[in-house]
Amino acid sequence: MRIFARPSYERALKNLAPEQKAEIQIALGLLPEAFGKPHVHAGIGLRRVGKYFEFRAGLKLRVLFVIREADAVLLTAGNHDHVRAWIKENS
């Protein structure tokens with residue numbers, strides 16, 4: 001699995017603290033191993049949200065992505081409310 005980032009994800013990262021960015025990088029490292037393996041993905045809270053997927057990077061930080069041809073495309077990152085608002089605006 002390759003991981004790509006949309007400009008919307010890059011913009012969202014600019015609003016996060018360095019510690020939050022580090023948490024996301026750690027969780028991103030676990031994503032290829034966790035995707036499609038239910039017992040493994042419990043650690044990053046990977047779950048389907050409609051036509052999207054999300055994973056947790058810490059307790060309050062989430063990353064929204066889609067799967068395109070077996071690759072992950074990162075869409076946005078932020079707290080629960082930010083992710084829900086992004087979904088509402090882009091669906």
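Before we start, a strand here is a DSSP run of E with at least two residues, a helix is a run of H or I with at least four residues, and both are numbered from the N terminus. Hi everyone! This is a predicted model, where local features need pLDDT of at least 70, side-chain atom pairs count only at pLDDT 80 or more, and totals for chains, interfaces and linings use all residues. Residues are numbered from 1 along each chain as its sequence is written, and side-chain values use heavy atoms, leaving out hydrogens and water.

Let's look at strand β3. Strands pair if DSSP finds at least two bridges between them. β3 pairs with β4 in the antiparallel sense over four bridges, with Phe55 opposite Val63 in β4. Their hairpin has five residues between the strands, and Gly58 there takes a positive phi near 95 degrees.

Now the rings. They pair if the centres of Phe, Tyr or Trp (its six-membered ring) lie within 6.5 Å; planes under 30 degrees apart are stacked, over 60 edge-to-face, the rest tilted. The structure holds three such aromatic pairs. Tyr52 and Trp86 are edge-to-face, at 5.8 Å centre to centre and 75 degrees between the planes. That pair joins β3 to helix α3 (residues 80-90), 34 residues apart. Both Tyr52 and Trp86 are buried, meaning under 20% relative accessible area, with exposed over 50% and partly exposed in between (1.4 Å probe, protein chains only). Phe53 and Phe65 are stacked, at 5.6 Å and 25 degrees.

Why is β3 largely enclosed by the rest of the structure? Because four of its five residues are buried. Thanks, everyone!
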